Amino acid sequence: MMQNVHLAPETDEDDLYSGYNDYNPTYDTEELENDTAFQQAVRTSHGRRLPITAKIPSTAVTRPIATGYGSKTSLASSMGRPMTGAIQDGITRPMTAVRAAGFTKAALRGSAFDPLGQSRGPAPPLEAKNEDSPEEKIRQLEKKVNELVEESCIANSCGDLKLALEKAKDAGRKERVLVRQREQVTTPENINLDLTYSVLFNLASQYSANEMYAEALNTYQVIVKNKMFINAGRLKVNMGNIYLKQRNYSKAIKFYRMALDQIPSVHKEMRIKIMQNIGVTFIKTGQYSDAINSFEHIMSMAPNLKAGFNLILSYFAVGDRDKMKKAFQKLIAVPLEIDEDDKYISPSDDPHTNLVIEAIKNDHLRQMERERKAMAEKYIMTAAKLIAPVIETSFAVGYDWCVEVVKASQYVELANDLEINKAITYLRQKDFNQAVETLKMFEKKDSRVKSAAATNLSFLYYLENEFAQASSYADLAVNSDRYNPSALTNKGNTVFANGDYEKAAEFYKEALRNDSSCTEALYNIGLTYKRLNRLDEALDCFLKLHAILRNSAQVLYQIANVYELMEDPNQAIEWLMQLISVVPTDSRALSKLGELYDSEGDKSQAFQYYYESYRYFPSNIEVIEWLGAYYIDTQFCEKAIQYFERASLIQPTQVKWQLMVASCFRRSGLRFLVRLCTDIGLKEVQEYATKLKRLEKMKEIREQRIKSGRDSSGGSRSRREGSAGSDSGQNCSASSKGERLSAKLRALPGTNEPYESSSNKEIDASYVDPLGPQIERPKTAAKKRIDEDDFADEELGDDLLPE
């Protein structure tokens with residue numbers, strides 16, 4: 001059994017477990033109470049002692065250690081470890097605790113170890129702030145002034161200019177009180193000049209925003225004249241702006257130059273802006289040569305779009321063709337300083353990259369870049385349209401030069417837009433063939449340009465009533481760009497012209513889905529619903545359009561017309577009254593008002609509007625016929641004669657007008673018999689004149705009797721004759737409310753008299769309006785004028801805007 005047991009040999013090597021039973025006198029706690037150095041160290045605050053360093057050995061190194069045998073020796077450590085505070089190999093060993101912190105047997109005798117000082121109780125309260133002291137009052141008042149300035153600025157940014165001005169004034173008053181209090185307490189050198197400057201500057205800005213320019217200038221003068229304000233001279237720019245608003249251009253230029261002199265050359269951007277203001281002021285005064293000098297300097301130092309465009313305007317004003325070309329080239333060369341669109345296209349399928357690109361695709365920086373690019377394109381297009389007709393012998397050659405310059409620049413895509421503008425210029429000059437040829441050149445271009453050109457071609461053919469060609473180009477425009485609302489509107493127009501109103505409504509609805517601001521599509525869908533007799537839906541469309549276009553005459557007319565179809569004459573009259581407030585000289589609207597009042601039995605109002613319509617358009621047969629019938633009905637046939645005579649001039653082949661004139665003469669009696677005999681030169685004129693005088697004398701005697709009160713009914717009839725005989729056509733007598741006066745002539749004398757009948761249909765005017773038949777057409781995408789359907793005396797507009 002013992003063969004596998006190996007005993008350890010007895011050697012002189014150290015035992016691994018030796019030393020564990022040895023007693024270290026350092027941990028002897030019996031004699032610690034008698035250790036003077038230890039007790040002194042315990043009673044002393046640890047934080048007040050100096051750190052143990054190698055130069056200052058601790059007590060653990062020097063003091064003797066008491067042992068259980070009564071002898072005191074200095075031991076290093078039980079395991080050969082360096083003692084606390086000892087230096088070994090150049091490194092100082094840190095102090096270590098023998099017992100747990102805060103515990104000692106001395107606590108039993110009333111001397112507790114309290115290194116944190118908890119036995120001293122809570123800390124005394126903070127000293128109360130003396131709010132009545134002058135310094136504290138000044139501090140609080142200064143804080144209130146700053147708050148008022150901030151509130152004034154916030155109110156201005158929110159658009160409440162009056163509140164902003166009141167806050168600024170209040171801040172000014174409190175700031176003056178603050179200055180007086182500070183002068184009483186401290187020296188004048190301690191006054192807060194920055195606060196005074198901000199209060200005065202804000203007050204001047206609020207005065208200017210409220211158009212109180214005199215007060216603003218006075219406040220700015222206070223700032224500028226105070227030498228203690230540093231860089232206050234640059235505020236003369238604001239003073240120059242105020243003088244510019246007041247159209248005091250000489251003083252504006254003076255203050256701009258004074259500000260320019262006080263701004264150092266290191267502030268290059270501010271100096272450029274001031275020089276641009278000077279150039280604009282010179283343009284307003286007509287001093288184009290001085291303006292040219294300012295803008296040329298800007299374009300040589302720091303070219304920008306506004307300065308380049310103003311330079312072109314100045315050269316255009318002086319008529320310098322060569323300089324216009326050079327200025328246009330400078331405008332084209334102005335750097336945009338924006339990123340290319342390729343930056344926002346993901347080059348890979350990395351989800352992290354795609355997420356970043358999606359985040360920056362429409363952020364504020366991207367929106368600012370789009371606005372800058374749109375502004376540059378606007379300036380370039382406007383400048384090209386301005387100078388193209390004058391820089392060469394013809395506008396076509398001028399446009400060609402501009403197109404070539406644009407193609408060689410960073411704005412290559414604008415070349416096609418210039419070509420379309422060239423076609424529009426042909427349209428304005430009534431050269432439709434050249435316009436069509438120019439637009440047909442875009443059939444092989446990219447989809448966007450092709451769609452715009454095809455839209456305009458469809459519009460042209462629609463105006464010429466060539467609906468097949470219009471439909472063909474509308475299809476081309478829609479196929480090239482399905483989201484083009486103008487192309488969809490034109491396609492709907494061609495379908496509308498063919499009578500397919502349901503399909504036309506679908507195209508208009510799709511156009512509205514693509515662009516909710518397409519007012520042409522909304523107007524046309526209202527016309528479509530009206531043709532389909534869906535009057536409620538038509539009214540909703542026109543009311544929505546009225547909310548967008550508040551003063552649109554055609555929209556107001558269509559709303560009134562829908563109410564008339566819905567048999568609501570009161571609403572129709574109300575909307576027509578709004579219409580004539582927008583277009584007070586429109587004869588058709590006035591005649592429509594007269595017709596509605598006539599249908600309501602108010603013949604005095606009907607006569608007023610019919611007469612106004614006749615004044616503005618004296619060739620409307622219906623109005624002439626109504627006025628003649630009105631005078632016949634009120635027994636003033638002599639006044640009806642002039643209207644029938646005018647009708648006979650308009651329709652000389654219609655015999656009925658001559659017969660109506662003769663009938664009025666016959667009904668007028670002996671007075672007009674004398675007139676006829678006088679015109680013809682008959683001998684019986686003297687006899688008839690004598691009889692007329694006798695009758696008139698008898699009439700006077702009868703009227704005198706009437707005035708005496710013998711015949712009350714005769715008196716009322718005399719008053720009616722006196723009121724209806726006024727040439728102004730106002731306050732005419734009318735029959736009862738329920739009686740209706742037809743626009744057609746009523747029955748004149750009995751059946752045995754020539755060409756007179758009791759039928760209301762005897763007189764039917766076959767007059768054709770010289771402007772063509774009243775056809776209700778939908779609006780085209782490029783036309784925003786009053787349609788033929790709306791007003792008979794409206795001319796067809798030829799303005800065509802490219803999409």
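Threonine 281 is buried, because its relative accessibility is 0% and buried means under 20% relative accessible area, with exposed over 50% and partly exposed in between (1.4 Å probe, protein chains only). Threonine 281 sits in helix H9, residues 268-285; helices here are DSSP runs of H or I with at least four residues, strands are runs of E with at least two, and both are numbered from the N terminus. Leaving out residues up to four places away in sequence, threonine 281 touches Leu244, Tyr249, Ala252, Ile253 and Tyr256, where contact means heavy atoms within 4.5 Å.

Keep in mind that this is a predicted model, so local features need pLDDT of at least 70, side-chain atom pairs count only at pLDDT 80 or more, and totals for chains, interfaces and linings use all residues. Residues are numbered from 1 along each chain as its sequence is written, and side-chain values use heavy atoms, with hydrogens and water left out.

**The whole chain**

- The chain has 33 helices and 4 strands.
- Of its 803 residues, 39% are buried.
- Take the contacts between residues at least 6 apart in sequence: 53% of them join residues at least 24 apart.
- The accessible surface of the chain is about 47500 Å², and carbon and sulfur atoms account for 51% of that; the areas come from the Shrake-Rupley method with a 1.4 Å probe, and for residues only the protein chains shown count as cover.

**How confident is the predictor?**

- The chain's mean pLDDT is 76, with 71% of the residues at 70 or more; pLDDT is the predictor's confidence in each residue, from 0 to 100.
- Residues 52-80 have pLDDT below 50, and this stretch has 47 contacts in the model beyond near neighbours in sequence.
- Residues 713-777 also stay under 50 in pLDDT, and the model has 129 contacts for them beyond four places in sequence.

**Inside the fold**

- The largest nonpolar core holds 158 residues, and Phe328, Cys402 and Val406 have the most contacts inside it; such a core is a set of buried Ala, Val, Leu, Ile, Met, Phe, Trp, Tyr and Cys residues joined through side-chain atoms within 4.5 Å.
- A second, separate core has 9 residues, including Ile138, Val145, Leu148 and Leu195.
- If you skip neighbours within four places in sequence, cysteine 402 is in contact with Phe328, Ala384, Ile387, Ala388, Ile391 and Leu418.
- Phenylalanine 395 belongs to helix H15, residues 395-407, and counts as buried because its relative accessibility is 11%.
- Not counting residues up to four places away in sequence, phenylalanine 395 touches Ala388, Pro389, Lys422, Thr425, Tyr426 and Gln429.
- Phenylalanine 395 and threonine 425 are 30 residues apart along the chain, with 8.6 Å between their C-alpha atoms.

**Salt bridges**

- The count comes to 17 salt bridges, each one a side-chain nitrogen of Lys or Arg within 4 Å of a carboxyl oxygen of Asp or Glu.
- Glutamate 136 pairs with arginine 139 in a salt bridge, and their closest N and O atoms are 2.4 Å apart.
- These two are separated by about one helical turn, because they are 3 residues apart in helix H3, residues 134-157.
- Glutamate 136 is buried at 7% relative accessible area, whereas arginine 139 is partly exposed at 48%.
- Lysine 373 and glutamate 413 form another salt bridge, with closest N and O atoms 3.9 Å apart.
- Lysine 373 is in helix H14 (364-391) and glutamate 413 is in the loop between H15 and helix H16 (414-428), so this pair ties together parts 40 residues apart in sequence.
- Glutamate 537 forms a salt bridge with arginine 534, with 2.9 Å between the closest N and O atoms.
- Glu502, Arg534 and Glu537 are linked in a network of salt bridges.

- Most residues other than glycine have a negative phi.
- Asparagine 231 has a positive phi of about 60° and is in the loop between helix H6 (213-225) and helix H7 (236-245).
- Asparagine 465 has a positive phi too, near 65°, and is in the loop between helix H18 (447-463) and helix H19 (467-480).

**On the surface**

- Isoleucine 680 lies in helix H31, residues 670-680, and counts as exposed because its relative accessibility is 61%.
- Leu676, Ile680 and Leu682 form a nonpolar surface patch with about 270 Å² of accessible area together; patches are made of residues with over 30% relative accessible area and no salt bridge, joining like charges within 9 Å and nonpolar side chains (Val, Leu, Ile, Met, Phe, Trp, Tyr) within 5 Å.
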